[in-house]
Amino acid sequence: MTAPMPGTMHPIAPALALLLDVDGPVASPVTRDVKPEIIADLVSLASAGIPVIFNTGRSDAFIREQVMAPMIAAGMPPGTVVHAICEKGAVWFSYTSGGPGPIHVDHELAVPKAYGDDVRRMVAEDYATHMFFDETKRAMVSVEQHLDVSSDDYLAEQKLFDADALELMGRHGLSAALLDHHAPGSDDAADYRLDPTIISTDIESIRLGKDLGASRAVELLAAQGITPQAWRTVGDSRTDYAMADWLHHNDHDVKHIDVRPADGVPNKPYDVLTATDLGLGEDVIHDDAGGAFLRSWREALVG
């Protein structure tokens, strides 16, 4: 992997590197935007040489608009490099205060265009009142809840959409499985999977995942000559644990932060933290919890 962009002189062995899911820990799942105080802490940490890498199912367009632009506007210093791994590893880019670098796409991991076109048509004809087709994705096919639709209404409609999208896969001669994100099952026989979240459904190659994103994150830092002493991964679903799983399996020191532990915290060979470890209540979740951890790391590492 080629080096993204040169950066300023930062530690080659920083105390921590942050690998962050976006929806939930950073961006509000309700408003889809990022609080100014979270942006400020991200800028402070990145500027101090703490690697900040986003590992998300979101598109590069979403990261540019909701994370990159606010960070630049908040005064990200020239030369500070932030990495964004999008669409669960299929797309990645890096940015500085000057804007984004080249967008890299692994086209071998893309869902066939004809299938995506049929999903777009199906959403327009049958599901447009509850969800929209995400036109910014380059490899995945995704639909997302309208902001003005209640969560209960969306989740009920999502079940119908997921069934239709799975059936459509068969009509295209493609093998697919529905991933139960509460208790992931084996879908090794399929080429594609449907991954429903609380606000969307992603349809993707089974080769995509937060573990692929973690692998790309290590490669991106290695291209800069950076080897973190430890990692903190942050997510809001069971599938996000794959980040820490991969890092631990590859002998990196890692702790995982779960900002929505009501999904269930699995037994892991590494530490798993929640908002209660910061002395906060169990009701502190999503970007409130993610923001609290970012603030704690800024206070400990930057001052």
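## Close-up views of a predicted model

In this predicted model, the count of salt bridges comes to 25. Side chains of opposite charge can pair when their charged atoms come close. The legends below visit some of these pairs, then a glutamine, a pocket and a cavity.

**Figure 1. Asp195 and Lys88 form a salt bridge.** The closest N and O atoms of this pair are 2.7 Å apart. Are the two partners buried or exposed? Both Asp195 and Lys88 are buried. The pair also belongs to a network of salt bridges that links Lys88, Lys137, Arg193, Asp195, Asp202 and Glu204.

**Figure 2. Arg216 meets Asp106 in a salt bridge.** Here the N to O distance between the side chains is 3.6 Å. Look for Arg216 in helix 5 and for Asp106 in the loop between strand 6 (104-105) and helix 3 (113-127); the pair therefore ties together parts that are 110 residues apart in sequence. Arg216 has a relative accessible area of 10%, so this residue counts as buried.

**Figure 3. Within helix 3, Asp117 and Lys113 are separated by about one helical turn.** Their side chains meet in a salt bridge, with 2.9 Å from N to O. How many residues apart are Asp117 and Lys113 in helix 3? They are 4 residues apart, which means about one helical turn. Asp117 is partly exposed, with 23% relative accessibility. Lys113 has 64% relative accessibility and counts as exposed.

**Figure 4. Gln145 is a buried residue in strand 8.** Its relative accessible area is 7%. Which backbone atom does the side chain of Gln145 reach? The side chain of Gln145 comes to 2.7 Å from the backbone oxygen of Val149. Setting aside neighbours within four places in sequence, you can find Gln145 in contact with Arg32, His130, Met131, Phe132, Ser150, Ser151, Tyr154, Ile198 and Ile199.

**Figure 5. The largest pocket holds about 740 Å³ of space.** It is lined by 43 residues, and those closest to its centre are Lys88, Asp195, Lys210, Ser237 and Thr239. By residue type, the lining of the largest pocket divides into 20 charged, 12 nonpolar and 11 polar residues.

**Figure 6. The largest cavity has a volume of about 30 Å³.** The count of cavities of 30 Å³ or more comes to 1. Around the largest cavity you will find Leu20, Pro25, Val26, Val234, Gly290, Phe293, Leu294 and Trp297. Which helix gives the largest share of this lining? It is helix 7 (residues 286-301), with 4 residues. The lining of this cavity has 7 nonpolar residues, 1 polar residue and no charged ones.

Methods
Residues are numbered from 1 along each chain as its sequence is written. This is a predicted model: local features need pLDDT of at least 70, side-chain atom pairs count only at pLDDT 80 or more; totals for chains, interfaces and linings use all residues. Side-chain values use heavy atoms; hydrogens and water are left out. On a 1 Å grid over the protein atoms alone, a cavity is a set of points where a 1.4 Å probe fits but cannot get out, and a pocket is an open set with protein on both sides within 12 Å along at least five of seven lines; lining residues have an atom within 4 Å of a point. Grid points are joined across faces, edges and corners, and a volume is the space filled by probe spheres set on the points. Helices (H or I, at least four residues) and strands (E, at least two) are DSSP runs, numbered from the N terminus. Ala, Val, Leu, Ile, Met, Phe, Trp, Tyr, Cys and Pro count as nonpolar, Asp, Glu, Lys and Arg as charged, and the others, Gly among them, as polar. A salt bridge is a side-chain nitrogen of Lys or Arg within 4 Å of a carboxyl oxygen of Asp or Glu. Buried means under 20% relative accessible area, exposed over 50%, partly exposed in between (1.4 Å probe, protein chains only). A polar contact is a pair of N or O atoms within 3.5 Å; within protein, one must be able to donate a hydrogen and the other to accept it, and residues adjacent in sequence count only if both atoms are side-chain atoms. Contact means heavy atoms within 4.5 Å.
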